[in-house]
Structure formats: C-alpha cells, structure tokens
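Have a look at the sequence and the fold, then see how you do on the questions below.

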Amino acid sequence: MKIKKFSAPTLKEATASMKKELGNDAFILSTRVINKKTDFGIQKYFEITSGVEEELDMVLEEVIPQNKKAAPSLTDELRDLQKRVIGNVNKSNFKIDENIVIAPKPKGRIQVTSDQIKEYVDKLIYQEVSKPIIKLIVNQIKKSLEFINSSNIEDYVITALSSLIPTTNFEIKKRGKQKIVAVVGPTGVGKTTCIAKLAAISKILNNLKIGIISVDTYRLGAIDQLRIFSEVSNIDMLVAYEPSEMAALIKKFSDKDLIFIDTAGRAQRNSKELEKTKEFLDAVKVDEIYLALSATNSTKNLIDVSKKFELFNYSAIVVTKIDEGVVFGSILNVIVNSQKPLIYLTNGQVIPDDIIAADSDFVAKMVITGNM
Ligand SMILES: Nc1nc2c(ncn2[C@@H]2O[C@H](COP(=O)(O)OP(=O)(O)OP(=O)(O)O)[C@@H](O)[C@H]2O)c(=O)[nH]1
Ligand SMILES: [Mg+2]
C-alpha cells in the first residue's frame with residue numbers, strides 16, 4: 001500500500017488533492033489538524049494520511065502468462081501472503097491443500113478468457129475479499145489455465161477459496177470426561193444464543209448432561225435471558241459473580257458431561273473489561289474457548305477484534321449472523337488472517353435450528369455467490 005500525507009486549509013481541499021494524485025481508490029487512514037506557517041502567519045490546516053492499494057489491474061494484465069518461470073507453490077505463496085497481510089507466520093500450523101482438484105482437461109471446450117477471470121475478480125472485490133487473497137486466487141488460476149474452462153472456473157475458484165479456510169469440529173467427549181467450553185466476543189454478536197443452540201443440540205441429539213454458567217452479571221437482563229432459556233429447555237444454569245466462585249460452580253456441575261460458560265460482551269478496545277472476563281475463565285480449566293464474530297462486521301473491525309481477543313487464546317471462531325450478511329469476504333479475510341479454524345456458523349435466531357457446522361466449501365460458495 002502506498003501511503004502519503006496531504007494538507008490543506010479545508011478537509012475538502014485536502015481530500016481533493018489526495019484524489020487528484022492517488023486516484024479515486026485512495027482512502028483516508030487518519031486526519032488531524034496541524035498549525036502551518038504560511039505567508040499570512042500560522043494557519044490551521046487539515047492533514048490527512050491517505051493510502052492506496054496496489055492496482056489489481058496489474059495482476060490481471062498478467063493473467064495470461066507470457067513466459068513460464070517455475071511457479072512457487074501455493075503454500076509458499078500463502079506464507080508470503082501471511083507475512084504481508086498477517087505478519088506472524090511462525091506459529092502457523094495452517095495447512096493448505098495443495099492438491100486442488102482440477103477437472104480433467106476438457107476436449108473441445110472453450111478456454112477461459114481474461115474477461116471471465118475478471119468477472120470472478122470483480123465478484124471477489126465486491127465481496128470485499130482482501131487483495132492479497134484475490135491475487136493468490138488469480139495466480140492459482142494463471143497456473144492452471146490449461147485445465148480451466150468457462151464451465152469449471154466457478155468450481156475452481158470455490159475450491160481455491162475453500163482451501164484457504166481451516167475448519168474444526170466440535171468434539172464431545174465420552175461420558176466421564178467432562179468438557180468445558182466458553183464463548184467470548186464483542187457485545188451483541190450472538191454468544192448467548194450460540195451457547196443456547198449448542199446446549200440444546202448436545203442435550204437433545206447427544207443426550208448429554210449439560211450445565212451453563214453465566215459470568216455476565218454486567219449487562220442488564222443477561223442472566224434473565226439465560227435463565228428463561230434454561231427453564232424452558234430444562235438445562236441447569238448457575239451464575240458466577242466473582243472469579244473466586246468459579247471453582248465451586250464447576251464442582252456443583254461435576255455430574256455434567258458438558259459445561260458452557262457464557263461471558264459478557266466486551267468491546268475489544270477495553271482491555272480492562274477483557275481482563276475481567278479473563279479472570280473468570282482463568283479461575284478454572286476451560287478446555288476450549290471460541291471467539292464469536294458477526295458476519296455483518298467489516299474486515300478491519302473483525303481483524304481488530306480477533307487480535308484483541310487473542311488474550312483468551314481462543315481455539316476456534318464462530319461466525320454469527322450470516323443470515324444478515326450482505327458480503328462475506330470479511331469472514332474469509334479474518335479467518336486467513338487469524339489462522340484460527342472456523343467451528344460454527346449461525347444463521348438466525350431460532351434455537352437450536354439456526355447453526356451450521358463449519359464447512360469450508362459452504363463459506364467459499366457464500367463468498368462467490370453472496371448467498372447462504
Ligand atoms: N439474525 C440473527 N440474529 C442472531 C443470530 N445469533 C444471535 N442473534 C440475535 O442477536 C441478538 C443478540 O444475541 P445474544 O445471543 O444475546 O448476543 P450476545 O453476544 O450474547 O450479547 P451480549 O451478551 O449482550 O454481548 C439477539 O436478538 C439474537 O436473537 C444469528 O445467527 N442471526
Ligand atoms: Mg450474552
């Protein structure tokens with residue numbers, strides 16, 4: 001990304017000179033008011049720091065390869081991508097499927113044109129898929145041009161996207177081995193609803209003994225919300241007001257196969273609040289912590305949340321409210337960026353129906369089609 005500062009007496013003028021120099025794709029990263037020495041003395045100026053992404057057309061121009069150099073593997077490219085977009089590659093145990101399934105070379109079929117490739121690039125741009133990921137997909141297409149035709153390009157793109165999405169399963173241990181699962185995340189994303197769905201499914205379908213502990217004594221009505229659910233569904237529920245009570249509550253639930261801990265929604269910027277929630281979870285041995293993220297949020301927002309919540313060392317991501325999402329690139333971006341696997345998607349308010357086990361093809365299709 002190219003970054004540049006512009007200043008002018010008005011914000012409008014500063015923005016205009018930014019657009020003039022960097023083009024319409026340039027965007028404002030930050031603004032501030034500065035004192036500037038002018039011929040008329042010290043004057044207040046608006047300074048904007050702007051950025052412009054690398055031009056995607058440059059990638060597209062390369063779509064038809066001129067000379068074939070030894071192409072780097074997808075893993076190398078993703079590592080490189082991670083280095084640039086993500087930063088932390090070392091702890092990666094992020095596996096990429098290099099064996100992308102390609103349909104056999106069709107006889108007599110029309111080869112894919114760069115217009116058709118551009119159509120998919122446009123779809124990905126519209127879906128707000130991050131540019132390094134789009135670049136990666138285009139490079140993959142470039143390498144496989146002889147196998148791709150107008151009728152299999154969509155499948156190819158879906159498979160390539162799907163291979164970028166790690167997933168994991170919710171594993172319920174056998175009787176006698178209790179499992180404790182907590183859900184953390186920003187306010188109102190659907191943490192409690194997700195727990196209610198998982199609790200109801202585990203009880204009804206898996207015939208497990210379930211306990212729910214709420215540590216959300218913060219939001220007005222939070223306890224009542226869970227209490228009503230637990231009464232209707234006949235699932236035991238306890239409340240911890242202090243971290244020091246946690247051990248005793250877990251002990252009370254010693255007969256349960258599965259215990260869910262519902263936490264208070266926390267703004268990711270409020271590190272004090274995050275720490276408070278963490279104290280509750282640190283007080284007992286929690287087996288798995290899931291971060292709930294809403295599909296309706298922007299990439300920047302989700303990435304910020306995913307980073308700030310790393311404090312909890314969460315093991316997987318639940319993407320909520322996919323039924324309310326309009327574009328789905330942000331889900332893909334945050335998963336690639338955080339290198340945490342997706343475990344569930346939730347697609348509505350109905351308990352327990354509206355939850356889907358993670359499926360990378362399903363997400364890839366959502367990204368391409370814009371539909372669930
Ligand atoms: N459309 C839609 N709504 C959902 C979904 N999941 C939850 N909701 C709704 O979102 C609202 C908030 O859900 P909660 O489960 O209370 O969210 P929370 O994260 O526990 O909220 P706090 O505890 O206040 O931080 C409720 O109206 C839910 O019915 C979903 O997948 N789709
Ligand atoms: Mg809640």
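Q: What pLDDT do local features need here?
A: Some bookkeeping: residues are numbered from 1 along each chain as its sequence is written, while chains are lettered from A and ligands numbered from 1 in the order in which they are written. This is a predicted model, where totals for chains, interfaces and linings use all residues and side-chain atom pairs count only at pLDDT 80 or more, while local features need a pLDDT of at least 70.

Q: What is phi of Gln 339?
A: Gln 339 lies in the loop between helix H12 (329-338) and E10; helices (H or I, at least four residues) and strands (E, at least two) are DSSP runs, numbered from the N terminus. Most residues other than glycine have a negative phi. Gln 339 has a positive one, near 60°.

Q: Which peptide bond is cis?
A: Look in the loop between strand E10 (342-346) and strand E11 (355-357), where Pro 352 has its place. Omega is near 0° for the bond from Ile 351 to Pro 352.

Q: Which strands stand at the edges of the open sheet?
A: This sheet has eight strands in the order E6-E5-E7-E4-E8-E9-E10-E11, with mixed pairing; two strands pair if DSSP finds at least two bridges between them. An edge strand has a single partner strand, so one side is left without a neighbour in the sheet, and that is the case for strand E6 (236-239) and E11.

Q: Which residue stands opposite Ile 213 in E7?
A: Strand E5 (residues 210-214) and strand E7 (residues 258-262) run parallel and pair over five bridges. Within E7, the residue opposite Ile 213 is Ile 261.

Q: What is the bridge partner of Ile 317 in E10?
A: E9 and E10 run parallel and are joined by three bridges. E10 is mostly covered, with five of its five residues buried. In E10, Ile 317 partners with Leu 342.

Q: Which helices and strand do the buried residues of H13 pack against?
A: Helix H13 (residues 360-369) has its buried residues at Ser 360, Val 363, Ala 364, Met 366, Val 367 and Ile 368. Going by contacts (C-beta atoms, placed from the backbone, within 7 Å), these buried residues pack against helix H4 (114-126), helix H6 (153-162), H12 and E10.

Q: Which residues is Phe 253 in contact with, leaving aside its neighbours within four places in sequence?
A: Phe 253 lies in the loop between helix H9 (246-252) and E7. With 21 other C-beta atoms within 10 Å, Phe 253 is buried. Beyond four places in sequence, its contacts are Gly 211 and Ile 259.

Q: How far apart are the C-alpha atoms of Ile 250 and Lys 285?
A: Ile 250 is found in helix H9 and is buried, having 22 other C-beta atoms within 10 Å. Its contacts, neighbours within four places in sequence aside, are Ile 259 and Val 284. Ile 250 and Lys 285 are 35 residues apart along the chain, and their C-alpha atoms are separated by 9.6 Å.

Q: Which helix gives the most to the shell around ligand 1?
A: The shell takes in residues whose C-beta atom, placed from the backbone, lies within 6 Å of the ligand. There are 22 residues around ligand 1, the closest being Gly 190, Thr 192, Thr 193, Gly 265 and Thr 346. With three residues, the biggest giver is helix H7 (residues 191-204).

Key. A residue is buried if 20 or more other C-beta atoms lie within 10 Å of its own, exposed if 12 or fewer, and partly exposed in between; C-beta atoms are placed from the backbone. Two residues are in contact if their C-beta atoms, placed from the backbone, lie within 7 Å.
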